[in-house]
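Reader: I would like to learn how to read a few features in a protein model. Could we go through one together?

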Amino acid sequence: MNDRTSLCRIDDIPDGGAISAEIESSTGGFSLIVLRQGERVFAYHNECPHAGRRLDWSPGKFLVKDGVLVCAAHGASFDVASGACIGGPCRSGLAPVQLRVTDGDVGVGGALE
Ligand code: FES
């Protein structure tokens, strides 16, 4: 794997919203949630700490409003900027993934093998 995996352009992410990104790996890959607040972007594993379900209600469609991401399965709420659980049935936060933004290109580092 390269030391950097390109996910998307920052303009591909709606400001105040989120998209999903699928990461391929030798073990079958996984899904990320990529969120944007202005020029800031955040990524988390698309796996809810409540019951392990994906957080989107339809592939790539997330419930995000006013800086809060809500899991579509049972309503756990997470702070977009930190991934912290702020309401609902979750007991811990989302698992973060470090991003880099270079000339508008959003990528992850080499730790995701
Ligand atoms: S799996 Fe997300 S709230 Fe239950």
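Predicted model: local features only at pLDDT ≥ 70, side-chain atom pairs only at ≥ 80, totals over all residues.

Reader: How do I read salt bridges, and how many does a search of the whole structure find?

Author: Side chains of opposite charge can pair when their charged atoms come close. The cut-off is a side-chain nitrogen of Lys or Arg within 4 Å of a carboxyl oxygen of Asp or Glu. A search of the whole structure gives four salt bridges. In one of them, E22 pairs with R54, with 4.0 Å between the closest N and O atoms. That pair links distant parts of the chain, 32 residues apart: E22 is in strand β2 (residues 18-23), and R54 is in the loop between β4 (40-45) and β5 (63-65).

Reader: Which salt bridge do R54 and D56 make, and at what N to O distance?

Author: The side chains of R54 and D56 meet at 2.8 Å, N to O. For accessibility, buried means under 20% relative accessible area, exposed over 50%, and partly exposed in between (1.4 Å probe, protein chains only). R54 is partly exposed at 35%, whereas D56 is buried at 10%.

Reader: Which residues are linked with R36 in a network of salt bridges?

Author: D11 and E39 are linked with R36 in that network. The side chains of E39 and R36 meet at 4.0 Å, N to O. E39 is exposed, with 64% relative accessibility, while R36 is buried, with 11%.

Reader: What does D15 touch, not counting residues up to four places away in sequence?

Author: Contact means heavy atoms within 4.5 Å. By that count, D15 touches R36, Q37 and G38. D15 sits in the loop between β1 (5-9) and β2, and is exposed at 52% relative accessible area. The side chain of D15 also reaches the backbone nitrogen of G38 at 2.6 Å.

Reader: Now for cysteines: which two form a disulfide?

Author: A disulfide is a covalent bond between the sulfur atoms of two cysteines. The cut-off used is a pair of cysteine sulfur atoms within 2.5 Å. A search of the whole structure finds one disulfide. C85 and C90 form it, with their sulfur atoms 2.1 Å apart. The link of C85 and C90 is right-handed, with 80° about the S-S bond. C85 is partly exposed at 26% relative accessibility, but C90 is buried at 8%.

Reader: Where is S77 placed, and is S77 buried or exposed?

Author: S77 lies in strand β7 (residues 77-79) and is buried at 15% relative accessibility. Not counting residues up to four places away in sequence, S77 touches several residues, among them C85 and C90.

Note on methods. Residues numbered from 1 in each chain as written. Heavy atoms only, no water. Helix = DSSP H or I, 4+ residues; strand = E, 2+ residues; numbered from the N terminus. Polar contact = N/O pair within 3.5 Å; in protein donor to acceptor, adjacent residues only side chain to side chain.
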